[in-house]
Amino acid sequence: MPASGPASSEAIDVVIVGAGFSGLYMLHKLRGLGFSAKVFEAGSGVGGTWFWNRYPGARVDVESQEYSFSFSEDLENEWKWSERYAPQAELLKYLNHVADRFDLRRDIQLETRVTEAVFDEEQKRWLVATDKGDRIAARFCVMATGMLSVAKDPDIPGAGSFRGKTYWTSRWPHEGVDFTGQRVGIIGTGSSAIQSIPVVAEQAEHLYVFQRTPNFSVPAHNGPIDPGIVNDWKANRAKYRQMARESGFGILRVDQSEQSALEATPAERTQAYDIRWARGGFALTGAYADIIVNRQANDTAVEFVADKIRSIVKNPEVAEKLIPKTYPIATKRLCVDTGYYATFNRDNVTLVDIAASPIEAITPDGLRTSEADYKFDSLIFAIGFDAMTGALGKIDIRGRKGVALKDKWSEGPKTYLGLMVSGFPNMFIVTGPGSPSVLSNMVVSIEQHVDWISDCITYVSHRQVDAIEATPDAESAWVVHVNEVAAMTLFPQANSWYMGANVPGKPRLFMPYIGGVGVYRQKCDEVAARGYEGFELSTPAAGR
Ligand code: FAD
Ligand code: NAP
């Protein structure tokens, strides 16, 4: 049913699309401020990422206590994490608890996909339509649709022809999968694959790993959560939360050093990296200040990790294949693993280098590369996402004069602060392109955006303002700034999904903002404090 059709069946203040971390907190926050809001969620449950990605080994790679909401002291006091890095099931339980605890479910409509969102310039309302026939008019529309919520299409010939079972890490069966006695093929070696491979390898009769580009991975050293960390967190929580909000990546465990890698001696560097490798997780990249801005400094970390891979993987040829050689470390999302490299010492695991011998086609029995045929019973696609713009691209979003967001973004996403788009008044994006988003502990960034959006909606609603919109100038200046900051780093040197490089035909530009979570927050706060500088606020009388 077109959103632009006759009068709407329901009218509310805010429509929210998506019920992951972002949508849940957005609903809670708006309700508390007295606004009426409704959430539409395509899935049959809440939780977003943690509802969909149930593959074996799926877990957070930011420590549990850091990757959690900070908006409610009571919630923080009552919830206990069991592991250093919470597994998917526990994160899903947590988000369901949040939904129940704050009585959110009565305003969440599940199994409902938003298909259209059209801005009615006369009424200054977003007219939203769903695949279930709902039609709703709302003053504001918040896209909490996720940056990693649309799986990439399999860009491989014959993808539908496989006769065995096919699985996607990003929509894993709820009942789980038992690979015992099976030959399994997995395509991809990103974070999802790197978490799955060690677990699948323990079950499968044989596992073929099809690797196009190796990734850097650091050990998680996961285990039961350390009571010392829990107690320290409890005692210093407010301080730690604030430190995370003011930091570069929103992750305290990065423990960012200010020193240059090039000022240290080789022995000092090895020692510093060793300490951080032993600590686990993202700590490694915090060892020196210039790892992501200076290639020479970066090379020192590359060499360290390469030596680690060589020391873990017994077959030197396999080890060399696993060492990334075409991009600097951390310019593709660093992976955090449990036993990934050691898995290649198992007799039942074969690494197939599809950069050297590309996949020609998926076949009814398995897969054919330029060198060999591989036969298996199950195939796992771990090929990633149409990141950052994918979910928004699936909705027919139309702003002023019927302009489609897809067309406006045909050369890449353009936003002001990653929050709003010029020509699309009263529509907000949570952790949109142009904000720190996927370069950060996303819960920190989500809370910041939800708080900012709520303040903005409150500000507008308390004045005679019926529409707020980014000005084209402010948006252009922000896009330039985002690119300038990215260009000061090594990030653009990698063919990453941050650059849109993983999806054929997608425009190449660095989508998130690498200026740092703390710096970015300050900029957003300043914009608000100056009466929403860079935004045009229109009054009913003035129109536009
Ligand atoms: P999501 O959780 O993606 O939720 C968006 C929801 O919107 C989805 O449920 C989707 O179904 C729904 N939706 C989308 N379009 C529509 C539509 N048109 N109509 C209705 N509903 C719609 N981040 C970290 O910081 N640390 C991590 O360790 C980490 N691990 C991750 C592991 C995996 C496997 C993945 C895929 C991502 C990970 N992330 C991690 C990023 C993660 O996406 C965020 O941390 C966070 O969960 C995002 O929450 P969200 O609510 O913004 O989006
Ligand atoms: P990803 O990082 O994009 O990895 C996809 C993998 O599939 C890459 O190895 C890619 O190779 C390969 N691939 C894609 N298309 C292919 C093709 N046609 N043929 C062969 N190989 C192909 O996706 P992901 O692993 O799902 O992770 C996405 C992001 O989600 C992560 O970066 C992270 O932000 C988040 N995540 C986090 C965790 C966590 O640890 N908590 C876990 C999972 C995901 P190329 O590199 O050559 O393109």
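In strand β2, Lys 38 is the bridge partner of Val 15. Strand β2 covers residues 37-40 and pairs with β1 in the parallel sense, over four bridges. Strands here are DSSP runs of E with at least two residues, helices are runs of H or I with at least four, and both are numbered from the N terminus. Two strands count as paired if DSSP finds at least two bridges between them. This is a predicted model, in which local features need pLDDT of at least 70, side-chain atom pairs count only at pLDDT 80 or more, and totals for chains, interfaces and linings use all residues. Residues are numbered from 1 along each chain as its sequence is written, chains are lettered from A and ligands numbered from 1 in the order written, and side-chain values use heavy atoms, without hydrogens or water.

Strand β1 (residues 10-17) also runs parallel to β6 (residues 135-143), and seven bridges join the two. Ala 11 has Ala 137 as its bridge partner in β6. Strands of a sheet pair through backbone hydrogen bonds, either parallel or antiparallel.

Strand β14 (residues 366-369) joins β15 over three bridges. There, Gly 366 stands opposite Lys 375.

The largest nonpolar core has 156 residues. Such a core is a set of buried Ala, Val, Leu, Ile, Met, Phe, Trp, Tyr and Cys residues joined through side-chain atoms within 4.5 Å. Buried means under 20% relative accessible area, with exposed over 50% and partly exposed in between (1.4 Å probe, protein chains only). Ile 16, Phe 428, Trp 452 and Phe 535 have the most contacts inside this core. Helix α13 (residues 442-461) gives the largest share, nine residues. Beyond its neighbours within four places in sequence, Phe 535 is in contact (heavy atoms within 4.5 Å) with residues including Tyr 416, Met 420, Trp 452 and Val 527. Another core lies apart from the largest one; it has 18 residues, among them Ile 187, Ile 359, Tyr 374 and Leu 379.

Around ligand 2 are 25 residues, each with a heavy atom within 4 Å. Lys 152, Asp 155, Ser 192, Thr 213 and Lys 332 come nearest. Polar contacts are pairs of N or O atoms within 3.5 Å; within protein, one must be able to donate a hydrogen and the other to accept it, and residues adjacent in sequence count only if both atoms are side-chain atoms. A polar side-chain atom of Thr 213 lies 2.4 Å from a ligand 2 oxygen atom. For Arg 212, a polar side-chain atom lies 2.8 Å from an oxygen atom of ligand 2. Ser 191 uses a backbone N or O atom, 3.0 Å from an oxygen atom of ligand 2.
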